[in-house]
Amino acid sequence: MSKESGDKGRYRDETLLSVLGRDPAANHGVVNPPVYHASTILHETAAALKEATFGPREYGKTYYGRYGTPTTFPLQDSIAALEQGHRTYLFGSGKAAIVAALLAFVKSGDHVLMTDSAYGPTRSLANGLLKRMGVETTFYDPCIGAGLADLMQGNTSVVVGESPGSLTFEIQDFPALAAVAHERGAVLIVDNTWASPLFCQPLALGADVSIQACTKYIVGHSDAMLGSVTTTEAQVEPVRRIFEELGAAPGPDDCYLGLRGLRTLSVRLHRHQETGLALARWFQARPEVRRVLHPALEDDPGHALWKRDFSGASSLFGVVLEPVPEPAVDAFLDSLGLFGLGYSWGGYESLALPTYPWKLRDATRWDLAYPLLRIYAGLEDPDDLIADLERGFEQMAAVRDAD
Ligand SMILES: *Cc1c(COP(=O)(O)O)cnc(C)c1O
């Protein structure tokens, strides 16, 4: 890290985003770190080669491309600082980061407790690879809090959290979950993608590992895939080891895009927050809408916990519609001009999706089996977005009333 990177205590986040992870003095005065395309790292002498091979490996020193380069280290160090963690390791996608984090802490015969609101591909990891390894998973109610203690088994090694939950947006009590996990010798691994490292720091709330799908807000432009695993000093060793064992290092161009995205993360996120809330409140006032799932809304069941543990809200939320036939929902989606229909989020462009959490749940029922939409507010003008949604509801009504 450069001398001006400093520590988190010295600067506020917006300043950190400008100063972290760069060292112009070491790079011919160039503002941003260069993109190093590297596999082989040459060592000057046989003695240096042997020292690098057999000696203790110092973090941040180049040894072989897969273990990190002067392009990957600055992004890792920046995310570690923002997440208030000891160290971050990067992977080729958010999903790869989740797989790595779980594999770092489970062995055959272990038991995992996973929130019922986990991201779909995180669930499939539990029901697929982990099961084949002989690791059993129990899904728990995302709002269980200290009640998690009743589900802990002697062999529970990992508790997985995600807040707010994918698709259903429940806020979890991380400090309560961490207390239960630690009391029984387990670690708490959480997916912090929704908040980004700016709006929540799970490690400061007791979690041992915080994951980012950097693909989303950190990259921020829908043009690269990247994931990060950030950990405390106490748990760094299993994460370092799995990073080396998996060998799933991301490419340098994608790391560059991640670092570049970080520079504008704060301005983007504050704008996303504002637009997301404007849309959420607009949806709340519509007769076609039964409920809006957004923890920053005062009447959301997770609002008090969100206020306690988060410093902001991002722009992904749920909209439960009043009962309406599926072709009418499709007409709504098909008529949208500014909202793209597609997976992922975190870019500058707005997105909409129909979602079906009741097909995934296992520990808890999702009683609202009405049409459910996931809305992602991008950086467009909020009034234009609202006008687009208004036209969508008109089309929805036309199809509904023609039935
Ligand atoms: C998208 C997403 C992921 C996975 O990230 P990829 O980079 O797409 O693999 C993980 N967790 C959450 C909450 C996500 O939204």
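Five strands make up an open sheet of mixed pairing, arranged in the order 8-9-12-11-10. Because strand 8 (289–293) and strand 10 (340–341) stand at the edges with a single partner strand each, one side of each is left without a neighbour in the sheet. The model is predicted. The points below cover the strand pairing, the helices lying across the sheet, and the surroundings of the ligand.

**Strand pairing**
- Strand 9 (residues 316–321) and strand 12 (residues 372–376) run antiparallel and are joined by five bridges.
- Within this region, glycine 318 is positioned opposite arginine 374 of strand 12.

**Helices across the sheet**
- Helix 10 (residues 265–284) lies across strand 8, strand 9 and strand 12; its direction is at about 10 degrees to strand 9.
- Helix 12 (residues 326–335) lies across strand 9, strand 10, strand 11 (351–355) and strand 12; this helix runs at about 15 degrees to strand 12.

**Ligand surroundings**
- There are 13 residues around the ligand, and those that come nearest are Gly94, Lys95, Asp191, Thr215 and Lys216.
- A polar backbone atom of glycine 94 is 2.7 Å from an oxygen atom of the ligand.
- A nitrogen atom of the ligand lies 2.6 Å from a polar side-chain atom of aspartate 191.
- In the side chain of tryptophan 345, an N or O atom is 3.3 Å from an oxygen atom of the ligand.
- The ligand taken alone exposes 380 Å², of which the protein buries 92%.

Methods. Residues numbered from 1 in each chain as written. Predicted model: local features only at pLDDT ≥ 70, side-chain atom pairs only at ≥ 80, totals over all residues. Heavy atoms only, no water. Pairing = 2+ DSSP bridges. Helix = DSSP H or I, 4+ residues; strand = E, 2+ residues; numbered from the N terminus. Contact = heavy atoms within 4.5 Å. Axes fitted to C-alpha atoms, helices over the stretch in contact; angles between N-to-C directions. Near = heavy atom within 4 Å. Polar contact = N/O pair within 3.5 Å; in protein donor to acceptor, adjacent residues only side chain to side chain. Areas by Shrake-Rupley, 256 points an atom, 1.4 Å probe, with all protein chains shown as cover.
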